[in-house]
Amino acid sequence: MASPSFAFIPRNIHKGGKQQGTSAHVPSSHSLEPTPGIERESAYPGPSVNDRGKWKVSEAPAKPVYNEKDISILVVLAFSDYALWLDSDLRRKTEESLQNEEHDAGFLPLSYLIRRAFGRENLGQEYMPTEANTVKAIRTYASDVLEVRMLVSAPSASAWYPSWKPERSSVGGYEVRRKDWTTLLDSSTREFTRGQWDDRTIYMENIPAQYHTTPGIIRFAQGLLSHCPGSSALIPIQNVTLPPHHLDKTEDRPKCKGFALVTLCNAELCQIFLESWPWTWPFQPSESDDSGLVEDNLETKEALKFGFRTLSKACWDKLNQEYLAYRQKLINELADTNEPPDISPNSDTRDVADDILEDTPAPPRNVTTTHSPYPFGCLVFARNLHLETNKTTLRALFATAFESSPVDPAGIDYVDFNKGMDSCYLRLASPDHARVLVDRFSSQPVMQSHGLDDIGKTPGASQNPITTEIIEGKKEELYWEKVPEKVRRQAVEKAVKAVNGKQPSAPPHTAQGYSKESRPRKRRNRG
């Protein structure tokens with residue numbers, strides 16, 4: 001029986017029953033062939049399908065998925081001399097591995113190196129390449145740097161990770177080592193200092209836009225060094241640092257903004273970059289240049305197009321310090337312009353000014369009228385209260401300030417307090433009540449010994465007394481804006497009556513105070 005010429009597509013079977021009015025769509029043989037665009041998009045999470053067959057398109061991730069050449073570059077970068085010098089765990093594991101037999105010396109689990117390579121890119125586990133893809137990338141593009149082998153049995157997880165770490169189950173069956181593993185222990189870079197690595201670091205600016213990734217910068221630099229005599233080193237580019245923005249978070253993926261700090265394997269390559277692409281621009285390399293920067297090189301053409309230039313790390317640090325100092329100077333000048341001028345008159349002028357001020361009456365305060373938006377000077381803020389106190393206790397405590405004063409003892413209109421707080425707002429009946437209360441607690445400081453202490457006691461030397469202050473100006477306005485309009489009008493009326501020497505005839509009834517006894521009784525119709 002001949003096989004059918006079309007592919008069999010099974011229907012979606014539901015437990016709830018059949019769907020009416022639907023028919024199976026059988027694609028043609030041409031539609032089943034994958035296209036290059038589909039293959040590239042397969043590295044991203046695809047759209048999800050729910051149980052009713054409806055497609056939900058998921059957003060494309062912002063983090064890129066690297067190709068095989070970029071994967072090989074990142075893996076090599078994670079095994080460079082600079083990485084061995086910087087990463088103590090990688091250095092320790094490499095040294096322990098070099099103590100093995102010759103056929104096993106220098107090998108590390110490939111999965112361990114993949115995490116080191118892509119951890120600096122802040123990529124999630126779902127975006128990391130598989131070991132098979134990494135092995136293919138290394139054998140295709142980095143076979144002269146790294147040696148990969150496959151193990152018949154996976155290495156013991158307990159030898160690399162404790163039982164409580166999630167990496168224990170991810171140890172794979174591939175191992176990798178550097179081609180020059182025999183000279184790793186004798187490398188002079190093992191004893192380098194930070195200053196020696198800085199001498200081999202240059203600052204690159206105006207990097208072409210198509211190379212704005214860590215592997216892209218390495219490809220760009222290697223392209224510029226392709227004809228240089230010193231570029232035959234095993235790993236010419238040792239490290240790439242993307243200077244972060246001061247607002248970037250630690251978990252953010254590093255982004256290239258057209259500049260980077262690149263660490264090279266020796267000082268000769270640094271000098272080639274500094275002489276071939278100096279900081280002072282323009283520069284036009286000639287075809288007979290010994291550095292090998294000819295115009296038929298793609299990277300050279302792009303560098304000339306974008307105005308690529310380099311600077312030593314020491315000069316960059318100096319310019320960076322000058323920039324930070326200049327920025328701080330601008331900030332200080334901006335702050336000085338917003339401050340009032342500091343006028344320091346001499347003694348004669350000061351004496352004349354004092355005499356004038358003594359004869360000048362004090363400016364009047366804001367007086368509350370019937371048209372005022374809120375009562376002025378009637379808001380007091382108190383702090384250092386007991387954390388277990390309540391509104392009733394606070395009302396009784398602050399009412400003690402009016403016991404020996406000529407003002408009305410019922411001067412506290414409302415206690416704005418939340419449980420568990422050590423501060424509150426007091427709405428008083430008049431500005432006189434506010435001044436009396438603040439003067440009383442300033443002259444006779446007290447503190448609450450417990451949550452229900454409504455009298456207070458004298459605080460000790462190491463104890464904080466209750467402090468009060470009258471809230472005025474913008475803070476006062478912002479507070480009263482949050483108070484309902486009806487409550488504000490009642491507070492204004494009460495303050496106006498207190499200023500005019502009039503007391504309200506009867507307190508306004510509230511919803512809670514309107515008892516059943518005060519209601520008019522209905523007469524029963526007896527018919």
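**A guided tour of the predicted model**

Begin by selecting helix α14, residues 431–443, in this predicted model. Next, display the side chains of P431, H433, A434, L437, V438 and F441, which are the buried residues of α14. These residues lie on the same side of α14, because they cover an arc of only 160° around the axis. On the other side of the helix, select D439 and S443; both are exposed.

Proceed to helix α16, residues 485–499. This helix has 15 residues, and the distance from its first C-alpha to its last is 21 Å, close to the 21 Å expected at 1.5 Å a residue. Which residues of α16 are buried? They are R488, A491, V492, A495 and V496. Viewed down the axis of α16, the buried residues fall within an arc of 135°, so they line one face of the helix. The elements that cover them include β11 (412–416) and α15 (474–481).

Now turn to the largest nonpolar core, which has 31 residues. Select V75, L90, L113, F118, I138 and L146, the members that touch the most other members. Then colour the elements that each supply at least two residues of this core: α2 (68–78), α3 (81–86), α5 (110–119), α6 (131–141) and β4 (146–150). The largest share, 6 residues, comes from α5. For a view from a single side chain, centre on I138: beyond its neighbours within four places in sequence, I138 is in contact with S72, V75, L110, S143, L146 and V148. Another core, of 28 residues, lies apart from this one; among its members are F220, C256, L264 and C270.

The next stop is an open sheet. Select its 3 strands, which run in the order β3-β5-β4 with antiparallel pairing. Which strands form the edges? The edge strands are β3 (108–109) and β4, each of which pairs on one side only. Strand β5, residues 174–178, is joined to β3 in the antiparallel sense over 2 bridges. To locate this pairing, select L108 and its bridge partner in β5, V176.

From the sheet, move to R253, in the loop between β7 (237–241) and β8 (259–264). Is R253 buried, partly exposed or exposed? Its relative accessibility is 22%, and R253 therefore counts as partly exposed. Select R120 as well: R253 and R120 are 133 residues apart in sequence, yet their C-alpha atoms are 8.2 Å apart in space.

Finally, colour the chain by pLDDT. The chain average is 76, and 69% of the residues score at least 70. Among the elements of the chain, strand β6 (residues 201–205) has the highest mean pLDDT, 94, whereas helix α1 (residues 36–41) has the lowest, 37. Select residues 13–63, over which pLDDT stays under 50; the model has 38 contacts beyond four places in sequence for this stretch. Then select residues 286–292, where pLDDT also stays under 50 and the model has 7 such contacts.

Key. Residues are numbered from 1 along each chain as its sequence is written. This is a predicted model: local features need pLDDT of at least 70, side-chain atom pairs count only at pLDDT 80 or more; totals for chains, interfaces and linings use all residues. Side-chain values use heavy atoms; hydrogens and water are left out. Helices (H or I, at least four residues) and strands (E, at least two) are DSSP runs, numbered from the N terminus. The expected span of a helix is 1.5 Å times one less than its number of residues. Buried means under 20% relative accessible area, exposed over 50%, partly exposed in between (1.4 Å probe, protein chains only). The arc is that of the directions from the helix axis to the C-beta atoms. pLDDT is the predictor's confidence in each residue, from 0 to 100. Contact means heavy atoms within 4.5 Å. A nonpolar core is a set of buried Ala, Val, Leu, Ile, Met, Phe, Trp, Tyr and Cys residues joined through side-chain atoms within 4.5 Å. Two strands pair if DSSP finds at least two bridges between them.
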